[in-house]
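Thanks for coming. I have one structure to go through today, and I will keep to a handful of spots in it. Please put it up on the screen.

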Amino acid sequence: MSSRFVFEQAPGHLIRRAHQISVAVFTDEVGTHGVTPVQFAILHALMAESGIDQITLAQRVAFDAATIGSVIGRLEQRGWLSRQENPADRRCKLVSLTEQGARAALDLKPVVELVQQRILEPLSDQEQAQLVALLEKLVTHHPRRQAT
């Protein structure tokens, strides 16, 4: 019996490697647009519901609420988002998508769809559906599903 831990088959290692591949493919396709995966997620979350507070936005994209402000700031500098005080709570900022941001999100959508295809290309159609279903189940039902 070997005392070696076979990390190459460990779920944590494989998920980390899959994440590295995902980010590399995203960067290959979307890098010239200067957008990160989190920035794209923020743009599309705001396409669904603009004018939400930063904490809610962080929850929607599963990103750390303490650091999302800097990501929002970079998108705001590009003219893609705006922040306003919340009339109901002046300590809270509401984040909205600008027209320019909405156009950017729509322009990026087909490129990001291609990224998803490239990430999954080594798998058959059935395997792709199975992997996505299993990842969704893991993320949805795991006790640590909230971003930290």
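Predicted model: local features only at pLDDT ≥ 70, side-chain atom pairs only at ≥ 80, totals over all residues.

How many bridges join strand 1 to strand 3? There are two, and the strands run antiparallel, with strand 3 covering residues 89-97. If you want a pair of residues to look at there, isoleucine 52 is opposite valine 95 of strand 3.

Now to helix 1, which spans residues 11-30 and includes histidine 13. Is histidine 13 buried or exposed? Its relative accessible area is 17%, and the cut-off for buried is under 20%, so histidine 13 counts as buried. Setting aside neighbours within four places in sequence, histidine 13 is in contact with Phe7 and Glu8.

Next, the loop between helix 3, residues 54-60, and helix 4, residues 68-77. Alanine 62 is in that loop, and its phi is near 55°. That is a positive value in a residue other than glycine. As background, most residues other than glycine have a negative phi. Alanine 62 is partly exposed, with 48% relative accessible area.

Moving on to helix 4, I would point out glycine 69, which is located there. Glycine 69 is partly exposed, at 22% relative accessibility. What does glycine 69 touch, if residues up to four places away in sequence are not counted? The answer is Gln54 and Arg83.

Last, the aromatic residues. The count of aromatic pairs comes to zero, taking ring centres within 6.5 Å as the rule. What does sit over the ring of tryptophan 80? That is the charged end of arginine 78, 4.0 Å from the ring centre.

That is the end of my list, and I can take questions now.

Methods
Residues numbered from 1 in each chain as written. Heavy atoms only, no water. Pairing = 2+ DSSP bridges. Helix = DSSP H or I, 4+ residues; strand = E, 2+ residues; numbered from the N terminus. Buried < 20%, exposed > 50% of the residue type's maximum accessible area, 1.4 Å probe, protein only. Contact = heavy atoms within 4.5 Å. Phe/Tyr/Trp six-rings, centres within 6.5 Å; stacked < 30°, edge-to-face > 60°. Lys NZ or Arg CZ within 6 Å of the ring centre and 35° of its normal.
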